[in-house]
Amino acid sequence: MSSATSQPPRRGHICVAGCGHWGKNLARNFFNLGHLYAICESDPGRRQSFSELYPAAKAYSGLEEALADPDLDALVLATPAEEHCRMALGALRAGKDVFVEKPLALDWQEGAEMVRTARQCSRILMVGHLLRYHPAVLKVQELVAGPAFGKIEYIYSNRLSMGKIRREENALWSFAPHDISVILALMGRLPIQVVATGGAYLQPNIADVTVSHLLFDQGARAHIFVSWLHPYKEQRLVVIGSGQMAVFEDSRPDNKLILYDKRIEWKNGVIEGAKSQGLPVTFDPEEPLRRECQHFIDCITQRREPLTTGDEGVRVLQVLQACQRSLQMNGEPVQVDATAVQNLLRL
């Protein structure tokens, strides 16, 4: 048990910093769960709107004011990614637990500093990899761990839409952290090499479409296709094992998770894949964001280690940065050094 998890329980007074596009959803969930103590928002109009919506919650205009409140237990950061490291370090050093929306930071070495600081201050650091809390993804992990599924051979994930187009980050950094976190959790390790390609069609030097290939030891592979310039929405995760195959398609209205047997037959000296009738798999319909928020509350009030720790956030950042480097080099392979992350986290 870490020093953060051995501390006395806290009341669960939470402040959401940044009440924009995603922060409003976090504030809503923490309010519904009875733990929205305050909001922190620099925009006066937005701060006023949230004060009217949640009149019992305190409203801070700046981080320093929020961190000076001795009754505040935890800070939830839904601010621009470039502010994550500075704000999280300030909160941790002020004795607050911290939930950081993805990505944890913009550089894995900054992320490692956040992890080390949380450890030194005996505070909890959690990263918001929402897909890890989706009941269907949790069910996929359960299926993959079963003896019938066999060894994972290949994973692919598509996250496509004609959605909100960012100016601060490309599609890789906006969409892929969720998929990388799930793939790393399923594989249980970092890839040894990545290759990424993409195209910028709407704004110079900001990729709207990327495809990232991940190579793991023992020959396992994965690819992640993300785009916000796509005619229809698709959120699909496919995991191919040596014995079974799982398909999770969140954009479907029903039967979102289907399990297939993987049967290979020889006919006249030729290998053929025998068609398998997919079996729909049921899972808890609870909203992933509510589950994620409740998990953070449980962690800070019961001093438990999060499912998505800061360490995981650092590993996802390392893969993201390797993909970004390959993207900038027009698809040149980039090696991923797992030892470098482990050594830096130990400092």
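Let's start with one pair of residues. Tyr-156 stands opposite Val-238 in β11. Behind that pair are two strands, β7 at residues 152–160 and β11 at residues 234–241. They run antiparallel, and 8 bridges join them. One word of caution before we go on: this is a predicted model.

Now zoom out to the sheet. Strands of a sheet pair through backbone hydrogen bonds, either parallel or antiparallel. Here, 9 strands form an open sheet, and the pairing is mixed. Read the order with me: β16, β13, β12, β11, β7, β10, β9, β8, β17. So what stands at the edges? β16, residues 279–280, and β17 do. Each has a single partner strand, so one side of each is left without a neighbour in the sheet.

Next, look at β9, residues 209–215. This strand is mostly covered: 5 of its 7 residues are buried. Take its partners one by one. With β8, residues 193–199, β9 pairs in the antiparallel sense over 7 bridges. Find Gly-198 there; it stands opposite Thr-210 in β9. With β10, residues 221–227, the pairing is antiparallel too, over 7 bridges. Here the pair to find is Ser-212 opposite Ile-224 in β10. β9 and β10 form a hairpin, with 5 residues between them. In that turn, Gln-218 has a positive phi of about 65°.

On to the loops. Two residues there have a positive phi without being glycine. One is Arg-303, with a phi of about 55°. You will find Arg-303 in the loop between α8, residues 288–302, and α9, residues 310–328. The other is Asn-330, with a phi of about 60°. Asn-330 sits in the loop between α9 and β17, and β17 covers residues 334–335. Buried or exposed: which is Arg-303? Its relative accessible area is 3%, under the 20% cut-off, so Arg-303 is buried. And Asn-330? Its relative accessible area is 70%, over the 50% cut-off, so Asn-330 is exposed.

One more backbone detail. A cis peptide bond joins Lys-102 and Pro-103, with omega about -10°. Pro-103 lies in the loop between β5, residues 97–101, and α5, residues 108–120.

Now the whole protein. How many helices and strands are there? The count is 10 helices and 17 strands. Along its principal axes, the C-alpha trace spans about 75 × 45 × 40 Å. How does the radius of gyration agree with a compact globule? For 347 residues, such a globule would have a radius near 20 Å; the protein has 21 Å, so the two agree.

What about the inside? Buried residues make up 54% of the 347 residues. Then contacts. Take those between residues at least 6 apart in sequence: 66% of them join residues at least 24 apart.

Last, the surface and the charges. The accessible surface comes to about 15800 Å². Of that, 50% belongs to carbon and sulfur atoms. There are 38 positive and 39 negative charges. Their mean positions are 2 Å apart.

To close, go back to the opening pair. Tyr-156 faces Val-238 in β11, and in the sheet order β11 and β7 stand side by side. From β7, the order runs on through β10, β9 and β8 to β17. Thank you.

Methods
Residues are numbered from 1 along each chain as its sequence is written. This is a predicted model: local features need pLDDT of at least 70, side-chain atom pairs count only at pLDDT 80 or more; totals for chains, interfaces and linings use all residues. Side-chain values use heavy atoms; hydrogens and water are left out. Helices (H or I, at least four residues) and strands (E, at least two) are DSSP runs, numbered from the N terminus. The radius of gyration is taken over C-alpha atoms; the globule rule is 2.2 Å times the number of residues to the power 0.38. Buried means under 20% relative accessible area, exposed over 50%, partly exposed in between (1.4 Å probe, protein chains only). Contact means heavy atoms within 4.5 Å. Accessible areas come from the Shrake-Rupley method with a 1.4 Å probe; for residues, only the protein chains shown count as cover. Lys and Arg count as positive and Asp and Glu as negative; His and the chain ends are not counted. The place of a charge is taken as NZ of Lys, CZ of Arg, CG of Asp or CD of Glu. Two strands pair if DSSP finds at least two bridges between them.
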